[in-house]
Amino acid sequence: MRMALCVTRAEHTCIKWRENIIELFNSHRQLAEIIQKNDIKIFFSGCVDTEEFVFHDPKELMRSYKKVYNMRKQIINFILESEGHQKLLELDLMKLQKPKVVACLEAVLESYQTLEDLSKDEFQTQQGQVAIIHHKSKLRALYEYKAYLNTADLGTKM
C-alpha cells in the first residue's frame, strides 16, 4: 500500500523551501523512520486565496492557479495510480491510538452511568454538580479522539 504525506498551505512556497521541508522530514528523529519504512511520498498543496493575498495582475493570478493545479494534479495522480485503498483509520499507525481511545470512551460511559444513577434530588447537590463537571472533562478528552469513533468497532460501543 502506498502512503503519502501532504503539506498544505504551500501555495506561495518556492521549490527550495519545499526541498528543505522534505529534508527536515527525512532527518527528523521520529518521522524519518516512519517515512522511510513506509516509503511515504511527500506532496505539497495549497489554494488560491484571493482574499488574503493581493495579486497585482491577471498573469500573477494565473501563475498561482497553475501552481496549485500542478500540486493537486500530482496528488490526484498518486491516488489514481495506487492499486489498493485503505481507510486512514485502519492503518497500523492509527491503530496504535486505539487503546487510548477505548480507555477514554470507557471513562465517558462510566461517568455517564454515574450521572444516570443520580436521582433528581441528587442531581442538584454538590455531588451531582461535581459528577457533571467530571463527565464534561471526560467528554472533552474524548473529543480529541473524535475521528477514531467513526470506525465500526469503536462506534458501536456508544
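How many Å apart are the mean positions of the positive and negative charges of the protein chain? In this predicted model, the 23 positive and 22 negative charges have mean positions that lie 5 Å apart.

**Figure 1. Secondary structure of the protein chain.** The protein chain contains 8 helices and 2 strands. Read along the sequence, these elements follow the order β-α-α-β-α-α-α-α-α-α.

**Figure 2. Overall dimensions of the protein chain.** The C-alpha atoms fill a box of roughly 70 × 40 × 30 Å along the principal axes. The radius of gyration is 23 Å, whereas a compact globule of 158 residues would have a value near 15 Å.

**Figure 3. Surface and interior of the protein chain.** The accessible surface comes to about 12100 Å², and carbon and sulfur atoms account for 55% of this area. Of the 158 residues, 28% are buried. Among contacts between residues at least 6 apart in sequence, 65% join residues at least 24 apart.

Figure 4. Nonpolar side chains in soluble globular proteins tend to be buried together. In the protein chain, the largest nonpolar core consists of 10 residues: Met3, Val7, Ala10, Ile21, Ile35, Ile40, Ile42, Phe44, Met71 and Leu91. When neighbours within four places in sequence are set aside, Ile40 is in contact with Met3, Ala4, Leu5, Ile34 and Ile35.

Technical notes. Residues are numbered from 1 along each chain as its sequence is written. This is a predicted model: local features need pLDDT of at least 70, side-chain atom pairs count only at pLDDT 80 or more; totals for chains, interfaces and linings use all residues. Side-chain values use heavy atoms; hydrogens and water are left out. Helices (H or I, at least four residues) and strands (E, at least two) are DSSP runs, numbered from the N terminus. The radius of gyration is taken over C-alpha atoms; the globule rule is 2.2 Å times the number of residues to the power 0.38. Buried means under 20% relative accessible area, exposed over 50%, partly exposed in between (1.4 Å probe, protein chains only). Contact means heavy atoms within 4.5 Å. Accessible areas come from the Shrake-Rupley method with a 1.4 Å probe; for residues, only the protein chains shown count as cover. Lys and Arg count as positive and Asp and Glu as negative; His and the chain ends are not counted. The place of a charge is taken as NZ of Lys, CZ of Arg, CG of Asp or CD of Glu. A nonpolar core is a set of buried Ala, Val, Leu, Ile, Met, Phe, Trp, Tyr and Cys residues joined through side-chain atoms within 4.5 Å.
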